[in-house]
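Me: Could you take a close look at the salt bridges in this model and walk me through them? I'd like to know who pairs with whom, and how buried the partners are.

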Amino acid sequence: MKQLDSKTDHYRNLAHKLGYRSRSAFKLIELNKKYKIIKRNFFVLDLGCAPGGWMQVSKKLVGIKGKIVGIDVSNMNEITGTYFIKTDIHLKINTEILINHFGRKIDSVICDIAPKVIGIRALDHVRQIDLINKCVKIMDSVLTKNGNALFKVFDGEHAQKFKHDLKPKFLRFKVTKPKSSRKSSSETYCIGLGYLYD
(Lines give C-alpha, C1' and ligand atoms only; values in the text may rest on other atoms or scores of the structure.)
Protein backbone atom coordinates (compact mmCIF):
# COMPACT_ATOMS: atom_id res chain seq x y z
CA MET A 1 0.00 0.00 0.00
CA LYS A 2 1.33 3.43 -1.00
CA GLN A 3 2.12 5.56 2.00
CA LEU A 4 0.72 9.10 2.00
CA ASP A 5 3.09 11.97 2.72
CA SER A 6 2.39 14.27 5.66
CA LYS A 7 1.09 17.04 3.39
CA THR A 8 -1.45 14.68 1.81
CA ASP A 9 -2.56 13.49 5.24
CA HIS A 10 -2.88 17.08 6.48
CA TYR A 11 -5.09 18.33 3.63
CA ARG A 12 -7.14 15.17 3.45
CA ASN A 13 -7.86 15.34 7.18
CA LEU A 14 -8.59 19.06 6.96
CA ALA A 15 -11.00 18.52 4.04
CA HIS A 16 -12.86 15.91 6.10
CA LYS A 17 -12.95 18.23 9.12
CA LEU A 18 -14.29 21.21 7.14
CA GLY A 19 -16.73 19.22 5.03
CA TYR A 20 -15.02 19.55 1.66
CA ARG A 21 -15.43 16.64 -0.73
CA SER A 22 -11.80 16.67 -1.84
CA ARG A 23 -8.42 17.93 -0.69
CA SER A 24 -8.18 19.84 -4.00
CA ALA A 25 -10.58 22.39 -2.50
CA PHE A 26 -7.58 23.92 -0.77
CA LYS A 27 -5.81 24.44 -4.10
CA LEU A 28 -8.66 26.62 -5.32
CA ILE A 29 -8.87 28.45 -1.99
CA GLU A 30 -5.14 29.19 -2.12
CA LEU A 31 -5.06 30.23 -5.78
CA ASN A 32 -8.18 32.35 -5.52
CA LYS A 33 -6.90 34.18 -2.46
CA LYS A 34 -3.88 35.29 -4.48
CA TYR A 35 -5.36 35.82 -7.96
CA LYS A 36 -9.09 36.53 -7.43
CA ILE A 37 -10.17 34.16 -10.19
CA ILE A 38 -13.67 33.96 -8.69
CA LYS A 39 -15.39 36.93 -7.07
CA ARG A 40 -18.74 37.60 -5.42
CA ASN A 41 -21.73 37.40 -7.80
CA PHE A 42 -19.67 35.62 -10.48
CA PHE A 43 -21.16 33.00 -12.77
CA VAL A 44 -18.76 30.03 -12.74
CA LEU A 45 -18.40 26.93 -14.93
CA ASP A 46 -16.49 24.02 -13.36
CA LEU A 47 -15.28 21.51 -15.96
CA GLY A 48 -14.41 18.11 -14.52
CA CYS A 49 -16.13 19.02 -11.27
CA ALA A 50 -16.59 15.67 -9.49
CA PRO A 51 -16.55 14.98 -6.59
CA GLY A 52 -17.44 18.65 -6.06
CA GLY A 53 -14.74 20.22 -3.89
CA TRP A 54 -14.21 23.14 -6.24
CA MET A 55 -17.95 23.68 -6.58
CA GLN A 56 -18.25 23.90 -2.79
CA VAL A 57 -15.51 26.53 -2.64
CA SER A 58 -16.93 28.42 -5.63
CA LYS A 59 -20.40 28.54 -4.07
CA LYS A 60 -18.98 30.22 -0.96
CA LEU A 61 -17.02 32.70 -3.07
CA VAL A 62 -19.86 33.84 -5.36
CA GLY A 63 -22.52 34.21 -2.67
CA ILE A 64 -26.28 33.92 -3.15
CA LYS A 65 -26.40 35.98 -6.38
CA GLY A 66 -23.71 33.97 -8.14
CA LYS A 67 -24.27 30.80 -10.15
CA ILE A 68 -22.26 27.58 -10.37
CA VAL A 69 -22.60 24.91 -13.05
CA GLY A 70 -20.44 21.80 -12.97
CA ILE A 71 -19.83 19.24 -15.72
CA ASP A 72 -18.37 15.76 -15.29
CA VAL A 73 -18.66 12.29 -16.78
CA SER A 74 -18.87 10.80 -13.26
CA ASN A 75 -21.93 10.86 -11.04
CA MET A 76 -21.91 13.45 -8.29
CA ASN A 77 -24.16 14.08 -5.32
CA GLU A 78 -26.02 17.37 -5.43
CA ILE A 79 -24.52 20.49 -3.87
CA THR A 80 -27.23 22.88 -2.71
CA GLY A 81 -27.36 26.04 -4.77
CA THR A 82 -25.41 24.63 -7.73
CA TYR A 83 -26.33 22.79 -10.93
CA PHE A 84 -24.65 19.62 -12.19
CA ILE A 85 -24.61 18.25 -15.77
CA LYS A 86 -23.47 14.66 -16.25
CA THR A 87 -21.81 14.44 -19.65
CA ASP A 88 -18.51 13.59 -21.31
CA ILE A 89 -16.18 16.48 -22.22
CA HIS A 90 -15.21 14.44 -25.30
CA LEU A 91 -18.77 14.83 -26.60
CA LYS A 92 -19.91 18.02 -28.29
CA ILE A 93 -21.36 20.18 -25.51
CA ASN A 94 -24.06 22.64 -26.56
CA THR A 95 -22.60 25.85 -25.20
CA GLU A 96 -25.72 27.81 -26.12
CA ILE A 97 -27.64 25.71 -23.60
CA LEU A 98 -25.00 26.56 -20.99
CA ILE A 99 -25.27 30.28 -21.69
CA ASN A 100 -29.08 30.07 -21.64
CA HIS A 101 -28.93 28.35 -18.25
CA PHE A 102 -26.75 31.13 -16.84
CA GLY A 103 -28.69 33.84 -18.67
CA ARG A 104 -25.50 35.37 -20.03
CA LYS A 105 -21.85 34.55 -20.64
CA ILE A 106 -19.73 33.21 -17.78
CA ASP A 107 -17.30 35.17 -15.57
CA SER A 108 -14.94 32.33 -14.68
CA VAL A 109 -14.14 28.89 -16.09
CA ILE A 110 -12.26 26.54 -13.77
CA CYS A 111 -10.91 23.16 -14.75
CA ASP A 112 -9.28 20.58 -12.49
CA ILE A 113 -10.02 17.80 -14.97
CA ALA A 114 -7.86 14.71 -15.34
CA PRO A 115 -8.25 11.32 -17.00
CA LYS A 116 -8.22 8.17 -14.93
CA VAL A 117 -4.47 7.85 -14.58
CA ILE A 118 -2.85 4.55 -15.48
CA GLY A 119 0.56 5.32 -13.98
CA ILE A 120 2.40 5.85 -17.28
CA ARG A 121 3.22 9.54 -16.93
CA ALA A 122 3.75 10.30 -20.64
CA LEU A 123 0.43 8.68 -21.62
CA ASP A 124 -1.46 10.25 -18.72
CA HIS A 125 -0.05 13.61 -19.81
CA VAL A 126 -1.20 13.23 -23.43
CA ARG A 127 -4.70 12.20 -22.35
CA GLN A 128 -4.98 15.13 -19.93
CA ILE A 129 -3.78 17.63 -22.55
CA ASP A 130 -6.45 16.30 -24.92
CA LEU A 131 -9.10 16.88 -22.25
CA ILE A 132 -8.06 20.42 -21.37
CA ASN A 133 -7.78 21.42 -25.03
CA LYS A 134 -11.45 20.45 -25.38
CA CYS A 135 -12.18 22.47 -22.23
CA VAL A 136 -10.47 25.53 -23.72
CA LYS A 137 -12.79 25.27 -26.74
CA ILE A 138 -15.76 25.33 -24.37
CA MET A 139 -14.21 28.28 -22.54
CA ASP A 140 -13.85 30.21 -25.80
CA SER A 141 -17.58 29.82 -26.42
CA VAL A 142 -18.87 30.81 -23.00
CA LEU A 143 -16.37 33.09 -21.21
CA THR A 144 -17.22 36.77 -21.13
CA LYS A 145 -14.75 39.47 -22.08
CA ASN A 146 -12.50 40.26 -19.07
CA GLY A 147 -13.43 36.88 -17.57
CA ASN A 148 -10.98 34.58 -15.79
CA ALA A 149 -9.89 30.96 -16.14
CA LEU A 150 -7.99 28.30 -14.23
CA PHE A 151 -6.65 25.09 -15.78
CA LYS A 152 -4.74 22.19 -14.26
CA VAL A 153 -1.97 20.95 -16.54
CA PHE A 154 0.16 17.83 -16.18
CA ASP A 155 3.80 18.54 -16.98
CA GLY A 156 5.12 16.86 -20.10
CA GLU A 157 6.17 17.47 -23.67
CA HIS A 158 2.86 19.08 -24.71
CA ALA A 159 2.41 21.33 -21.66
CA GLN A 160 4.48 24.20 -23.03
CA LYS A 161 2.45 24.39 -26.23
CA PHE A 162 -0.78 24.40 -24.23
CA LYS A 163 0.47 27.30 -22.12
CA HIS A 164 1.81 29.12 -25.19
CA ASP A 165 -1.59 28.86 -26.91
CA LEU A 166 -3.60 29.86 -23.82
CA LYS A 167 -1.50 32.86 -22.74
CA PRO A 168 -2.43 35.27 -25.61
CA LYS A 169 -6.12 34.94 -24.76
CA PHE A 170 -5.68 36.88 -21.48
CA LEU A 171 -4.44 40.22 -20.28
CA ARG A 172 -2.52 38.52 -17.46
CA PHE A 173 -1.27 34.95 -17.38
CA LYS A 174 0.47 32.98 -14.64
CA VAL A 175 1.67 29.41 -14.17
CA THR A 176 2.05 28.21 -10.59
CA LYS A 177 1.84 25.22 -8.28
CA PRO A 178 -0.08 25.70 -5.03
CA LYS A 179 1.47 24.69 -1.73
CA SER A 180 -1.37 22.23 -1.20
CA SER A 181 -0.30 20.16 -4.24
CA ARG A 182 1.66 17.03 -3.51
CA LYS A 183 5.40 17.49 -4.05
CA SER A 184 5.45 14.37 -6.21
CA SER A 185 2.61 15.60 -8.45
CA SER A 186 3.37 16.71 -12.01
CA GLU A 187 0.47 19.17 -11.96
CA THR A 188 0.77 22.91 -12.44
CA TYR A 189 -2.01 25.48 -12.75
CA CYS A 190 -2.49 28.04 -15.53
CA ILE A 191 -4.29 31.19 -14.47
CA GLY A 192 -5.70 33.58 -17.04
CA LEU A 193 -7.10 36.93 -15.94
CA GLY A 194 -8.90 39.34 -18.25
CA TYR A 195 -10.12 37.35 -21.26
CA LEU A 196 -9.50 39.46 -24.34
CA TYR A 197 -12.32 38.34 -26.63
CA ASP A 198 -16.08 38.85 -26.81
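Reply: Happy to. Let's start with Lys163, which is buried, with a relative accessible area of 12%; buried means under 20% relative accessible area, exposed over 50%, and partly exposed in between (1.4 Å probe, protein chains only). Please keep in mind that this is a predicted model, where local features need pLDDT of at least 70, side-chain atom pairs count only at pLDDT 80 or more, and totals for chains, interfaces and linings use all residues. Residues are numbered from 1 along each chain as its sequence is written, and side-chain values use heavy atoms, with hydrogens and water left out.

The side chain of Lys163 meets that of Asp155 in a salt bridge, 3.9 Å from N to O. The term stands for a side-chain nitrogen of Lys or Arg within 4 Å of a carboxyl oxygen of Asp or Glu. Asp155 is partly exposed, at 36% relative accessibility.

Asp124 and Arg127 also form a salt bridge, at 3.7 Å from N to O. Both residues sit in helix H5 (residues 121-142), 3 residues apart, or about one turn of the helix. Here Asp124 is buried at 6% relative accessibility, while Arg127 is partly exposed at 32%.

Then there is Lys27 with Glu187, whose closest N and O atoms are 2.8 Å apart in their salt bridge. Lys27 belongs to helix H2 (residues 25-35) and Glu187 to strand S7 (residues 187-195), so this pair ties together parts that are 160 residues apart in sequence. Helices (H or I, at least four residues) and strands (E, at least two) are DSSP runs, numbered from the N terminus. Lys27 and Glu187 are both buried.

As for the total, a search of the whole structure finds 8 salt bridges.
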